[in-house]
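Welcome, and thanks for taking a look at this one. Please have the model open as you read the short report below.

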Amino acid sequence: MGRRNEAVHIFHLYRKDGTAVFLHPFRRVDRLYALLERSDVRGHYGSEPRVESLTLFRNELYRLVEQEVKGWVSDSRFLPRFLISSAVFLVSFLFLSFVMLTPIPVLDELAISLGLSILTYILLGKKDMQSEGALKRRIALRTKVDAIVFTENDFVKRVEAELIAREGRKPDQLVRELVDADKDLAVADHEQEATQMVEYLDAMFHSHSFRKTEKRLKRMEREDTAYRHDIMRKWLESTKVDVPLLSLYMDLKRRTRTGV
């Protein structure tokens with residue numbers, strides 16, 4: 001997503017019990033800067049979210065911004081911090097060994113010198129986090145977060161209603177919907193949003209066991225339906241997974257170009 005002003009979508013969904021779910025691409029901190037700086041970030045909801053939910057989400061993004069700035073500082077200032085800390089280790093070891101003529105064992109001298117170098121590294125890191133460069137980066141990213149606006153979206157409204165409906169269904173019916181493509185969540189005119197929603201859900205459900213089960217079901221599309229249902233049921237029984245959200249994800253995946 002390197003092109004400037006490419007649309008990036010965030011989705012707010014309500015669950016049946018009123019719990020708010022945010023689907024977004026910011027779980028990978030290493031992508032946070034590029035997404036916020038080079039993209040047009042848009043928020044969407046079905047039912048209007050509560051103010052406290054948006055506040056919690058914004059605070060979560062602030063936390064991720066802080067992690068991103070810390071990682072950026074660590075990468076950009078690693079060599080100077082390492083060299084200074086190494087110098088502190090060397091100077092303190094030589095001082096304890098040859099200047100302070102006290103009977104300190106060599107292992108103690110090494111431990112003290114190492115402790116001083118580690119402390120120096122940590123203190124330099126804290127100082128770098130308060131530097132002008134870090135401050136500018138932090139303000140720029142937080143400003144981008146504050147500029148995210150959520151608006152009502154028909155596609156998200158349909159997805160939210162379908163998710164709530166699936167939460168009220170029986171397990172056997174959900175298993176059938178996981179395996180069979182008999183539902184049709186309309187994504188016309190909302191292909192970009194649907195594709196990005198699938199990508200976010202894909203990251204949530206990423207697991208080796210699920211990938212194996214999904215590929216196995218794909219290979220057996222012409223096999224007996226009951227047999228395929230049994231495979232999915234056994235996988236669900238062996239792991240803890242959000243079945244209504246998973247069935248929604250697989251249905252959306254079939255309706256977009258991300259489907260396999």
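## Overall picture

Of the protein's 260 residues, 40% count as buried, where buried means under 20% relative accessible area, exposed over 50% and partly exposed in between (1.4 Å probe, protein chains only). This is a predicted model, in which local features need pLDDT of at least 70 and side-chain atom pairs count only at pLDDT 80 or more, while totals for chains, interfaces and linings use all residues. Residues are numbered from 1 along each chain as its sequence is written, and side-chain values use heavy atoms, with hydrogens and water left out.

The protein has eleven helices and four strands; these are DSSP runs numbered from the N terminus (helices H or I, at least four residues; strands E, at least two). Among contacts with a separation of 6 or more, 79% join residues 24 or more positions apart, a contact being heavy atoms within 4.5 Å.

## Helix α8

Helix α8 covers residues 191–204, and its end C-alpha atoms lie 20 Å apart, in agreement with the 20 Å that its 14 residues should span at 1.5 Å a residue. The expected span is 1.5 Å times one less than the number of residues.

The buried residues of α8 are Glu193, Ala194, Gln196, Met197, Val198, Tyr200 and Leu201. They pack against the strands β1 (6–14), β2 (20–23) and β3 (39–45), and also against α6 (154–167) and α11 (243–255).

Thr120 sits in helix α4 (residues 106–129) and counts as buried because its relative accessibility is 18%. Beyond its neighbours within four places in sequence, Thr120 is in contact with Ile84, Ser85 and Val88. Its C-alpha is 9.3 Å from that of Ser86, a residue 34 positions away in sequence. The side chain of Thr120 also reaches the backbone oxygen of Leu116 at 2.8 Å.

Ser53 belongs to helix α2 (residues 51–76). Ser53 has 9% relative accessibility, so it counts as buried. Not counting residues up to four places away in sequence, Ser53 touches Ala20 and Phe22.

Phe78 is found in helix α3 (residues 78–99) and is partly exposed, at a relative accessible area of 41%.

Key: Polar contact = N/O pair within 3.5 Å; in protein donor to acceptor, adjacent residues only side chain to side chain.
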